[in-house]
Amino acid sequence: MTVESSAARGTRRGGTETGGDAGRAARAAESPKPAERATAKAPAKNAAKAPARKASGKAAAGRTPAKAAKAARRKGPATPAAPAEPQLVQLLTPEGKRVADAEYDPYVADITPEELRGLYRDMVLTRRFDAEATSLQRQGELGLWASLLGQEAAQIGSGRATREDDWVFPTYREHGVAWCRGVDPANLLGMFRGVNHGGWDPNSNHFQLYTIVIGSQTLHATGYAMGITKDGADSAVIAYFGDGASSQGDVNEAFTFSAVYNAPVVFFCQNNQWAISEPTEKQTRVPLYQRASGFGFPGVRVDGNDVLACLAVTKAALARARRGEGPTLVEAFTYRMGAHTTSDDPTRYRSDDERESWEARDPIQRLRAHLEAEGHADEAFFTALEEESEALGRRVREAVRAMPDPDPMAMFEHTYADGHALVDEERAEFAAYQASFEDADVTGKAN
C-alpha cells in the first residue's frame with residue numbers, strides 16, 4: 001500500500017497533470033451516458049430476459065416469510081459494499097516534496113527553517129535513544145522495552161503541537177512525545193529496569209506516567225478534560241493509543257463521554273498496522289478515523305510518517321478543542337518497523353516485503369530530503385547532530401547502569417492512603433524474610 005496525498009491520488013487516477021477532477025471529467029466525456037448505454041443494448045435480448053424476470057417475481061411473491069428467510073440463509077451474508085477510499089492529509093511526500101493542503105497549510109505556514117531542523121533533530125535523537133534502550137534490554141539491563149521505531153514523525157509532530165499548559169496522557173511507547181514535553185530520556189527507563197514506578201513528576205511537565213493497561217488512559221484523559229471545562233481553562237488534553245487499543249471498551253466509553261460532555265480532548269491513534277500480531281483489517285471494517293462519526297465528532301487520517309502533516313493536523317484539533325468545539329479523533333497512519341516489544345518476534349506474522357515497503361517512507365529520511373532540497377540544512381548540521389546523538393546514547397547507557405536498586409520494602413508504600421491491615425501483615429512477613437538473609441553467614445548457615 002502506498003501512502004500518498006489526495007492531490008497525488010487525484011493526479012494518478014486522472015491520468016493528466018491537471019489532477020483527479022480533470023481526469024474524471026475526461027473519462028466522463030469519453031464514456032457513454034447511462035441512457036445511451038441502455039439504448040445500445042439489443043432489444044431482442046432485453047425482451048428475452050423480461051419474461052424470466054416476471055416469473056421470478058411471481059415466485060418470490062408466493063413465498064412465505066419463513067421460506068424467504070430460509071432462502072436468504074442459503075445464499076449466505078450479503079457482500080458489504082466497498083468502503084470509500086480514506087482521505088489522507090499529507091504535506092510532505094515520501095520523497096520530501098512539499099504539497100499543498102488548503103485546510104492545514106495555515107497551521108504550518110509560518111514554520112521557519114530553524115524549526116524544521118528542530119523537528120529533524122527531535123526525530124533523530126528520539127530514534128537514537130530508542131535504539132540504545134533496545135540494546136540495553138538485549139544486554140539484560142532492562143526487563144522489557146517497547147520500541148517506537150518508524151513512529152517518530154507521528155510522535156514528534158503531535159508532541160510539538162501541544163502547548164505548555166496542555167496535558168498529555170500516553171501509553172508505554174510515547175518516547176518521542178515525552179522528549180517534546182521535557183522528560184529526561186533516562187527517566188523513562190527506570191520503570192523498564194524495575195527501579196521505580198515512573199520516574200518523573202507529571203505535574204512538572206503535564207505529561208502523565210506511562211500506562212500499561214491498554215486503553216485506560218483515554219478515560220483518564222476524558223475525565224481530566226471534563227474537569228478543565230468546569231475550571232474554565234482554555235487548555236486541552238491529548239490521549240495517545242494504538243490501533244489495537246481502539247478495540248477496547250475503555251476507548252469507546254471515552255469517545256461517548258467526551259462527545260456528550262463536549263470535552264476538550266484529542267484522541268491520537270497511532271495506527272501502526274499491527275496490534276502485536278493482529279493486523280488492522282482483523283479489528284475493524286472501516287478506517288479507524290471514521291469511527292468518530294458514530295460518536296458525533298470529527299475524525300481525520302493523517303500520514304503518520306509526515307512530521308509536518310502530523311504537526312498541522314494536531315494543532316488544528318487542539319485549537320478546535322480549546323474553542324469549545326469538543327473532541328477530535330486523529331488517526332496517524334504509520335508503521336511499527338520494529339517488534340511490538342522486545343519479547344515479540346514480528347517475523348512470525350509479517351513479511352520482509354511489507355517492512356521494506358514502509359522503510360521507503362521513513363519519516364526521518366523524508367524530512368532530510370526536504371531540508372536538503374530546500375537548502376535548509378548543510379552537511380555540517382547533519383554531522384554535528386550525529387555526534388550529539390551518539391553522546392545521548394552514551395549518557396543514557398551510563399545513567400541506566402548507575403541506577404540504584406530500589407528498597408524492596410517500597411512496594412508496600414502508597415498502596416492505600418490510610419493503610420490496611422493485610423498490607424501491614426504482608427510487610428511484616430516480607431521484612432522478616434529479608435532479615436533472614438542478613439542473619440546468615442557466607443556459608444549459608446544461620447548463626
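Okay, a definition to start: helices (H or I, at least four residues) and strands (E, at least two) are DSSP runs, numbered from the N terminus. Counted that way, the protein chain has 18 helices and 7 strands. What you're looking at is a predicted model, where local features need pLDDT of at least 70, side-chain atom pairs count only at pLDDT 80 or more, and totals for chains, interfaces and linings use all residues. Residues are numbered from 1 along each chain as its sequence is written, and side-chain values use heavy atoms, with hydrogens and water left out.

Now the overall numbers. The chain has 447 residues, and 43% of them count as buried; buried means under 20% relative accessible area, exposed over 50%, and partly exposed in between, with a 1.4 Å probe and protein chains only.

Let's go to helix H9, residues 185-193. Which of its residues are buried? They are Pro-185, Ala-186, Leu-188, Leu-189, Gly-190 and Phe-192. These pack against helix H6 (113-138), helix H8 (175-180) and helix H17 (379-401). At the start of H9, a side-chain oxygen of Asp-184 comes to within 2.9 Å of the backbone nitrogen of Ala-186. After H9 comes Gly-194, with a positive phi near 85°.

Staying with H6, that's where Glu-132 sits. Glu-132 counts as buried, at 5% relative accessibility. What does its side chain make a polar contact with? The side chain of Arg-397, at 2.7 Å. By polar contact I mean a pair of N or O atoms within 3.5 Å; within protein, one must be able to donate a hydrogen and the other to accept it, and residues adjacent in sequence count only if both atoms are side-chain atoms. Leaving aside neighbours within four places in sequence, Glu-132 is in contact with Gly-393, Val-396 and Arg-397.

Another buried one is Gln-155, in helix H7 (residues 152-161), with a relative accessible area of 0%. The side chains of Gln-155 and Gln-270 are joined by a polar contact of 3.3 Å. Beyond four places in sequence, Gln-155 also touches residues including Arg-173, His-175 and Cys-180. Gln-155 and Cys-180 are 25 residues apart along the chain, and their C-alpha atoms are separated by 8.7 Å.

Next, Thr-334, in the loop between strand S7 (328-333) and helix H15 (352-359). Is Thr-334 buried or exposed? Buried, with a relative accessible area of 0%. A polar atom of its side chain lies 3.2 Å from the backbone oxygen of Gly-150. Among the residues Thr-334 touches beyond four places in sequence are Asn-271, Gln-273 and Trp-358.

That brings us to Gln-273, in the loop between S3 and S4. Most residues other than glycine have a negative phi. Gln-273, though, has a positive phi of about 80°, and it is buried at 14% relative accessible area. Asn-262 has a positive phi too, near 55°. Asn-262 is in the loop between helix H12 (249-260) and strand S3 (265-271), and counts as partly exposed at 34%.

On a 1 Å grid over the protein atoms alone, a cavity is a set of points where a 1.4 Å probe fits but cannot get out, a pocket is an open set with protein on both sides within 12 Å along at least five of seven lines, and lining residues have an atom within 4 Å of a point. Grid points are joined across faces, edges and corners, and a volume is the space filled by probe spheres set on the points.

The second largest pocket has a volume of about 310 Å³. Of its 22 lining residues, the closest to the centre are Tyr-172, Ile-214, Gly-242, Ala-245 and His-340. Strand S2 (237-242) and strand S4 (274-275) are the elements giving two or more residues to that lining.

How many cavities of 30 Å³ or more are there? The count is 1. The largest cavity is about 40 Å³ in volume, and its lining includes Phe-241, Cys-269 and Arg-291.

How values were computed: Contact means heavy atoms within 4.5 Å.
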